[in-house]
Amino acid sequence: MAALNRVSRAFRTDPDDAGRIAQLTASIEGLDKRMPDLERPPDRAGSTFNDLQALDLSAWRLRRQQWVLQRDHLELARELLRQAAESPDQRARLGEQWADHALLRA
């Protein structure tokens with residue numbers, strides 16, 4: 001429950017969570033559109049250039065995973081807070097759900 005209270009305070013002080021979710025979604029979708037170009041074999045030959053391109057592609061894939069996790073985390077937080085506001089008697093259960101989610105992501 002303490003975890004849910006911390007999240008609740010954070011969202012009350014920053015009401016732009018929907019904007020952040022939309023921004024993350026747009027970034028993910030934009031990267032998904034660019035990914036085929038990033039995955040295309042390089043025009044230039046050379047192991048150093050190929051290694052650099054492979055490293056760049058790996059970094060973009062990792063960044064995409066981070067964006068997806070952040071977005072999913074924010075969406076869950078919004079939903080749990082909405083449920084807690086509608087059903088205060090369920091706050092303990094929702095706090096446990098939040099804690100379980102946080103442990104899985106750690």
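At what angle do helix α2 (residues 17-39) and helix α3 (residues 47-86) pack, and how far apart are their axes? In this predicted model, local features require pLDDT of at least 70 and side-chain atom pairs count only at pLDDT 80 or more, whereas totals for chains, interfaces and linings use all residues. Residues are numbered from 1 along each chain as its sequence is written, and side-chain values use heavy atoms, with hydrogens and water left out.

The secondary structure of the protein comprises four helices and zero strands, where helices (H or I, at least four residues) and strands (E, at least two) are DSSP runs numbered from the N terminus. Along the sequence, the pattern is α-α-α-α. Of the 106 residues, 25% count as buried; buried denotes under 20% relative accessible area, exposed over 50%, and partly exposed the range in between (1.4 Å probe, protein chains only). Among contacts with a separation of 6 or more, 64% involve residues 24 or more positions apart, contact being defined as heavy atoms within 4.5 Å.

Two packed helices are described by the angle between their axes and the distance between the axes. For α2 and α3, the angle is about 155° and the axes lie 9 Å apart. Helix α2 is therefore roughly antiparallel to α3. Axes are lines fitted to C-alpha atoms, for helices over the stretch in contact, and angles run from 0 to 180 degrees between N-to-C directions; those under 35 degrees count as roughly parallel, over 145 as roughly antiparallel, 65 to 115 as roughly perpendicular and the rest as oblique. The crossing of α2 and α3 is left-handed, that is, the near helix is turned anticlockwise from the far one by less than a right angle. The residues of this contact comprise twelve nonpolar, four polar and eleven charged. Here Ala, Val, Leu, Ile, Met, Phe, Trp, Tyr, Cys and Pro count as nonpolar, Asp, Glu, Lys and Arg as charged, and the others, Gly among them, as polar.

Helix α3 contains 40 residues and spans 59 Å from its first C-alpha to its last, close to the 58 Å expected at 1.5 Å a residue; the expected span is 1.5 Å times one less than the number of residues. Its buried residues include L57, W67, V68, R71 and L74. L57 counts as buried because its relative accessibility is 12%. Beyond residues up to four places away in sequence, L57 touches M35, L38 and E39. The C-alpha atoms of L57 and L38, 19 residues apart in sequence, are separated by 6.3 Å.

R20, in helix α2, is partly exposed at 40% relative accessibility. Its C-alpha atom is 8.0 Å from that of R71, 51 residues apart along the chain. H73, located in helix α3, is likewise partly exposed, with a relative accessible area of 29%. Apart from neighbours within four places in sequence, H73 contacts W98 and H101. Between H73 and A102, 29 residues apart along the chain, the C-alpha separation is 8.6 Å.
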